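The following explanation is intended for a reader who is meeting this structure for the first time. Please keep the sequence and the model in view while reading.

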Amino acid sequence: MALKENTTKRRRGALLSPKGLQRLQEAISSWEIIENRGQRLSLEDLSDYTKLSAKTLSRLWSASKGVDQKTLKLCFNTFNLELHEEDYIFLMEDFETKISDSNSICLRTESPVWWSYPDGPVPLDSPLYIERQPIEKLMYREVTQPGCVMRIFAPGQMGKTSLILRLLSFADTKGYRTINLSFSQIDAYCLTDLNKFLRSFCSQIAIKLGIAPNISEHWDEDVGYKLTCSLYFQYYILKESDKPLVLVLSEVERFFEYPHIAQEFFALLRCWYEESRQNNLWKNLRLVVAYSTEQYFCLDINNSLFNIGLPIRLQEFTQQQVEELARRYGLSWTAGKESAQLISLLGGHPALIQLALYYLHSGATTLLDLIKEAIANGGIYRYHLQQYWVKLLANPGLIRTYTELVTTKESLVIDPIHAYKLESLGLITFDGDRVLPRCQLYRTYFAKQLATIV
């Protein structure tokens, strides 16, 4: 007699969907600011407040195992949210094949959670974003303050963009208008002429807000470029709505190569900040600037942005943060062991750590093999390192300086212009006024590369 096969699925609990995770995180952040005086809730605090165990909450955040629907509803209701169908997805076992026979056999496999390749900022809906409190708490609170300025500093691939995405998302929940403008989007020819630059700047702001720029109608060069820019911003951009405007300016270090434009523009932004102390329209502007180097020795520091507002300096991941990220990737590590091995090679470099954990999670390599191959020839970081190598070769004046850095065990004092360029590339770290290679991986790889040409 033929055996009949039936294919079914069984529910094994629910996972937060990307939308649900974002809604819940935003609600908790708002609650922390409004109800908890800006103090972040620890896992234990959340457990006490939601009446759910810390273990259950950890499963909820990591999306590694399903929880029952009632648990999700309780967590949402705690923060005055209604659980919607799009906030969660049911975790299913893979198809079970049942053979209708007195000796029926059940074949079952389970699908693990796979993460996408870590390239670029961490998406808003990803549980792989590691908060570096109190930074998030400080920024969420500061952006609600009239006329505020925030300055985010960190070398490349330290998480500036991921942080900015979350700040803008928080601002969106408050009903603010938001703009994220990268100066890499400004054409080079505009950076040699102040008038062209300010016109381009204002046009991009208007377009991103969904309004016609109408620059010619509002631009009066006879009163001066900076003043007419201010009048345009005040009476056309800010007066358009009574809602606060969060303006994020990224990659502002690009201006340091154009000191005349930089000096004039940063002085203008400082004037806007000072206007907000007394002008209600300017109070609606919340300004955030992000940059990858602090070597702005060509500027008048007393007439720019770089000594006002809330300074935010992103540091590398701590060992505890590396271990937490490994846990979210589903890796079972011994406290203080594997994380220490990885950090000895990469420091706490967020992008390199993410890449390592991605490959370890996928099963493509082991930690020992990853470290061995990285030291031998770059390993999984070969493409990343080659990009830096090309950039380094494009700056011949840096070759001798960086050779000395990677072949000397002690930190060195180097030419400030070289320090600025190497920091912009993300190749060094500072020890007071002295300089070191960013991590052991860079020291090893570039020492070998530079030995072939010096």
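The structure is a predicted model. The protein contains 19 helices and 12 strands. Of its 454 residues, 49% are buried.

Glycine 120 belongs to the loop between strand 5 (106-107) and helix 5 (135-142). With a relative accessibility of 54%, glycine 120 counts as exposed. Glycine 120 and alanine 351 are separated by 231 residues in sequence, while their C-alpha atoms are 8.5 Å apart.

The loop between strand 5 and helix 5 also holds proline 134. The peptide bond that leads from glutamine 133 to proline 134 is cis, and its omega is near 15 degrees.

Lysine 51 is not a glycine, yet its phi is positive, at about 65 degrees. Lysine 51 is located in the loop between helix 2 (43-50) and helix 3 (54-62), and at 69% relative accessibility lysine 51 counts as exposed. Glutamate 251, likewise not a glycine, has a positive phi of about 55 degrees. The loop that contains glutamate 251 runs between strand 8 (245-250) and helix 10 (259-275). Glutamate 251 has a relative accessibility of 37% and counts as partly exposed.

The next subject is the packing of helices. Helix 12 (residues 319-328) packs with helix 13 (residues 338-346) at an angle of about 115 degrees, and their axes are 10 Å apart. Helix 12 and helix 13 are therefore roughly perpendicular to each other. The crossing of helix 12 past helix 13 is right-handed. On the side of helix 12, the contact is made by Gln319, Val322 and Glu323; on the side of helix 13, it is made by Ser339, Ala340 and Ile343. Sorted by class, the residues in this contact of helix 12 with helix 13 are three nonpolar, two polar and one charged.

Helix 13 is also a partner of helix 15 (residues 367-377), through the buried residues of helix 15. Which residues of helix 15 are buried? They are Leu367, Leu370, Ile371 and Ala374. Seen down the axis of helix 15, these buried residues fall within an arc of 95 degrees, so they line one face of the helix.

The buried residues of helix 15 pack against helix 13, helix 14 (350-362) and helix 19 (440-451). The packing of helix 15 with helix 19 has an angle of about 35 degrees, and the two axes are 7 Å apart. In this contact, Ala374, Ile375, Ala376 and Asn377 of helix 15 meet Leu441, Thr444, Tyr445 and Lys448 of helix 19. By class, the contact of helix 15 with helix 19 comprises five nonpolar, two polar and one charged residues. After helix 15 comes glycine 378, with a positive phi near 100 degrees.

Helix 16 (residues 382-393) includes histidine 384. Is histidine 384 buried or exposed? Its relative accessible area is 11%, and the limit for a buried residue is under 20%, so histidine 384 is buried. Apart from residues up to four places away in sequence, histidine 384 touches Gln157, Leu352 and Tyr442.

The last stop is a strand. Arginine 434 is part of strand 12 (residues 434-437). Its relative accessible area is 32%, and arginine 434 is partly exposed. When neighbours within four places in sequence are set aside, arginine 434 is in contact with Ser411, Leu412, Val413 and Thr429. From arginine 434 to alanine 419 there are 15 residues in sequence and 9.6 Å in space, C-alpha to C-alpha.

Terms used:
Residues are numbered from 1 along each chain as its sequence is written. This is a predicted model: local features need pLDDT of at least 70, side-chain atom pairs count only at pLDDT 80 or more; totals for chains, interfaces and linings use all residues. Side-chain values use heavy atoms; hydrogens and water are left out. Axes are lines fitted to C-alpha atoms, for helices over the stretch in contact, and angles run from 0 to 180 degrees between N-to-C directions. Helices (H or I, at least four residues) and strands (E, at least two) are DSSP runs, numbered from the N terminus. Angles under 35 degrees count as roughly parallel, over 145 as roughly antiparallel, 65 to 115 as roughly perpendicular and the rest as oblique. A crossing is left-handed if the near helix is turned anticlockwise from the far one by less than a right angle, and right-handed if clockwise. Contact means heavy atoms within 4.5 Å. Ala, Val, Leu, Ile, Met, Phe, Trp, Tyr, Cys and Pro count as nonpolar, Asp, Glu, Lys and Arg as charged, and the others, Gly among them, as polar. Buried means under 20% relative accessible area, exposed over 50%, partly exposed in between (1.4 Å probe, protein chains only). The arc is that of the directions from the helix axis to the C-beta atoms.
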